[in-house]
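Take a moment to look over the model below.

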Amino acid sequence: ATQLRLRLFDALADVAGVQLMSAREEPLVSGMVSFKVDGVEALELQRRLARRPEKVRTRVISEFDLGWMRLSPHIYNSPEEVDRIVELIAEEAHRA
């Protein structure tokens with residue numbers, strides 16, 4: 001799961017318009033990757049991803065008016081799934 005998280009973090013870091021809110025390294029790292037996409041509210045991004053054929057499930061951190069998207073790759077996710085979600089997020093960031 002750690003390798004998937006790093007794969008997700010590093011790939012999102014390369015997407016124009018994505019602002020990572022999570023730390024990459026210890027001691028502040030966790031299993032989730034939180035981010036924002038410039039020009040797209042997190043709840044709208046969540047709706048768009050859920051409507052895709054892949055039916056991507058995401059979480060939005062709305063506490064404290066943060067409005068961040070949160071992804072948490074785990075052992076049941078494949079590297080290909082991580083790559084695909086980054087592609088989908090990149091498409092949405094490009095549309096914004």
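Which residues of α3 are buried? V82, I85, V86, L88, I89, E92 and A93 are. Buried means under 20% relative accessible area, exposed means over 50%, and partly exposed lies in between (1.4 Å probe, protein chains only). Helices and strands here are DSSP runs, numbered from the N terminus: helices are H or I with at least four residues, strands are E with at least two.

Now look down the axis of α3. The buried residues fall within an arc of 160 degrees, so they line one face of the helix. The arc is that of the directions from the helix axis to the C-beta atoms. On the other side of α3, E80, H94 and R95 are exposed.

A word on the source. This is a predicted model, in which local features need pLDDT of at least 70 and side-chain atom pairs count only at pLDDT 80 or more, while totals for chains, interfaces and linings use all residues. Residues are numbered from 1 along each chain as its sequence is written, and side-chain values use heavy atoms, with hydrogens and water left out. The chain averages a pLDDT of 92, and 99% of the residues score at least 70. That score is the predictor's confidence in each residue, from 0 to 100.

What does the buried face meet? The buried residues of α3 pack against α1, β1, β2, α2 and β4. Take I85. Not counting residues up to four places away in sequence, I85 touches L8, L49, V56 and L71. Contact means heavy atoms within 4.5 Å.

I85 also belongs to the largest nonpolar core, which has 23 residues. Such a core is a set of buried Ala, Val, Leu, Ile, Met, Phe, Trp, Tyr and Cys residues joined through side-chain atoms within 4.5 Å. L8, L12, F35, V37, L49, I85 and I89 touch the most other members. Helix α3 gives the most to this core, with six residues. In soluble globular proteins, nonpolar side chains tend to be buried together.

E92 is buried, with a relative accessible area of 2%. Beyond four places in sequence, E92 touches V40, L45, R48 and R52. R84 is partly exposed, at 29%. Leaving aside neighbours within four places, R84 is in contact with R52, E54 and E91.
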